[in-house]
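Keep the structure open as you read.

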Amino acid sequence: MQSDTTPTTAEPAASERAVGPIDLETAATRRRYDRASSYYDWQVWPMELLGMKRFRRQVLGRVSGPRILEVGVGTGTNLPDYPTGVEVDAIDLSPRMLARARRRPGVRARVHLHEMDVQKLAFSDASFDTVVATCVLCSVPDPIVGLKELRRVLRPDGRAVLLEHVRPGGRRLAAIFDRLDPLVSRAGPHINRRTVENVRAAGFTIELEQNLWSDILKLIVARP
């Protein structure tokens, strides 16, 4: 696998001017995933057995190249499922996660790894045919800023393919998620993100919204 931890240079995007609490939360998120990197694959292994591996392959089956951006690549779980003939720029906020992704076996695509914040992408406008995220936007401090960046780097005929857990639709269960989120998010992702609404707020048009596990885990396909 070819890797590159030096971000591609580009003109600064508007989101690079974001300051204050977002930056503090971003730094905390990086530290959290750096700490988790050594045991992360074991932590998510039960979910993989319960269907996440199949759901992720559904996502990757909708990817078209030749240029693909994967956001929040983590330890590189998705990388072996990309076909030959595509070029993947894969980013993550955590350098320790990227170190593990660099050692991921079975990768066939040409992959470049970058330490980068989705809220401040260092890629030119309209660079990618597809952007991919699997359970990532729950951890981005300002998901709308991140989604606007994804829209910026997508080509006009490109697609965003997202696998995300979201705030449930039922009133009682949603209230429970809202109540638990401040506690859960201290050590992990937010569990009450309104991701479908955030995708629209970032300027995307949703082509597909498919419930994969109740209405909590969704496949979302959107165009800029």
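Start with R159 and E207, whose side chains meet in a salt bridge, with N and O 2.8 Å apart. This model is predicted.

Now ask about the surface. Is R159 buried or partly exposed? R159 has a relative accessible area of 27%. Buried would need a value under 20%, and exposed one over 50%, so R159 counts as partly exposed. E207 is partly exposed as well, at 41% relative accessibility.

E207 has another partner. The side chain of R223 also forms a salt bridge with E207, at 3.5 Å from N to O. R223 belongs to strand 7, residues 217–223, while E207 is in strand 6. Here 16 residues separate the partners, and again distant parts of the chain are linked. R223 is partly exposed, with a relative accessible area of 34%.

Move on to E209 and K218. They form a salt bridge too, and their closest N and O atoms are 2.8 Å apart. Which of the two is buried? K218 is, because its relative accessible area is 8%, under the 20% cut-off. E209 reaches 38% and is therefore partly exposed.

Some salt bridges share partners. In this way D125, E149 and R152 are joined into one network. How many salt bridges does the whole structure hold? A search finds ten.

Conventions. Residues are numbered from 1 along each chain as its sequence is written. This is a predicted model: local features need pLDDT of at least 70, side-chain atom pairs count only at pLDDT 80 or more; totals for chains, interfaces and linings use all residues. Side-chain values use heavy atoms; hydrogens and water are left out. A salt bridge is a side-chain nitrogen of Lys or Arg within 4 Å of a carboxyl oxygen of Asp or Glu. Buried means under 20% relative accessible area, exposed over 50%, partly exposed in between (1.4 Å probe, protein chains only). Helices (H or I, at least four residues) and strands (E, at least two) are DSSP runs, numbered from the N terminus.
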